[in-house]
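Student: I've just been handed this structure and I'd like to know what the labels on it rest on. Can we go through a few of them?

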Amino acid sequence: MSQIHIAIIVGSLRQDSFNLKLAKALTKLAPADVTFKQIQIGDLPLYNQDDDTNQADSVTRLKAEILAAHGLIFVSPEYNRSISGVLKNAIDHASRPYGQSAWSGKPAGILGVSVGAIGTAMAQQHLRNILAYLDMPTMGQPEAFIHAKEGLFDQDGNIGEASNQFIQSWMSLYVTWVRKHIA
Ligand code: FNR
């Protein structure tokens, strides 16, 4: 089976972000024929439609990295019951200029970890709305609402025992989902 390349976008800029840790641990659970790159979104300017005809280098880079990927994984915290502002900013940037969205048709997967009990469920639902509008087929099941509790990660940064099987299975299903959509 041929190699596929997945871009990961983390919706938190926090240095010790649980979502960043999850994104890093996730890549270790993928089959050998999958490569990953985390797309950086922290250096993007605030989106301004006036700049659509002269997008910043960081925006051009963002769009090129999305276009180069077979699929996207979003790993985002929940901020005030929605996705983080930095993630929405990145999504808006890469959706423009009108008619030149980088997102169209890219198969997506969503995970999120939160200190709250619902594990980013509301944020993920909002993100699903956005991705539907952007014409991104998004894996529906299994939902990955992850609660940041003791033991989620082991001392090496891998997913701890309690969640390892679930996340491994999520990754395997996501890779199958991407292959189906790029076939
Ligand atoms: C939060 N947090 C949070 N948690 C949650 O479950 N639901 C929510 O609506 C919110 N809202 C929220 C707003 C803002 C502005 C912040 C800073 C935080 C808590 C959040 O889950 C926690 O800070 C996580 O650690 C954020 O993810 P990272 O940065 O660890 O990946």
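Tutor: Helices (H or I, at least four residues) and strands (E, at least two) are DSSP runs, numbered from the N terminus. Keep in mind that this is a predicted model, where local features need pLDDT of at least 70, side-chain atom pairs count only at pLDDT 80 or more, and totals for chains, interfaces and linings use all residues. Residues are numbered from 1 along each chain as its sequence is written, and side-chain values use heavy atoms, with hydrogens and water left out.

Student: What makes D135 count as exposed or buried?

Tutor: Its relative accessibility does. Buried means under 20% relative accessible area, exposed over 50%, and partly exposed in between (1.4 Å probe, protein chains only). D135 has 53%, so D135 counts as exposed.

Student: And what is the phi of D135?

Tutor: Phi of D135 is positive, about 65 degrees, although D135 is not a glycine. Most residues other than glycine have a negative phi. T120, in the loop between strand 4 and helix 4, also has a positive phi, near 75 degrees, and is a residue other than glycine.

Student: Why is T120 called buried?

Tutor: T120 has a relative accessible area of 0%, and the buried label asks for under 20%. So T120 is buried.

Student: Which residues of helix 2 are buried, and what puts them on the same side?

Tutor: In helix 2 (residues 57-67), the buried ones are S58, V59, L62, K63, E65 and I66. They cover an arc of only 160 degrees around the axis, so they lie on the same side of helix 2. That arc is the one of the directions from the helix axis to the C-beta atoms. On the face turned away are the exposed residues D57 and L67.

Student: What covers that buried side?

Tutor: The cover includes strand 1 (4-10), strand 2 (34-39), strand 3 (71-75) and helix 3 (85-94).

Student: How do helix 2 and helix 3 cross?

Tutor: Their axes come within 9 Å and cross at roughly 80 degrees, so helix 2 is roughly perpendicular to helix 3. Angles under 35 degrees count as roughly parallel, over 145 as roughly antiparallel, 65 to 115 as roughly perpendicular and the rest as oblique. Axes are lines fitted to C-alpha atoms, for helices over the stretch in contact, with angles from 0 to 180 degrees between N-to-C directions. In this contact, V59, L62, K63 and I66 of helix 2 meet A90, H93 and A94 of helix 3.

Student: Last one: how do you know that the radius of gyration of the chain agrees with a compact globule?

Tutor: The globule rule is 2.2 Å times the number of residues to the power 0.38, with the radius taken over C-alpha atoms. For 183 residues a compact globule would be near 16 Å, and the chain has 16 Å, so the two agree.

Note on methods: Contact means heavy atoms within 4.5 Å.
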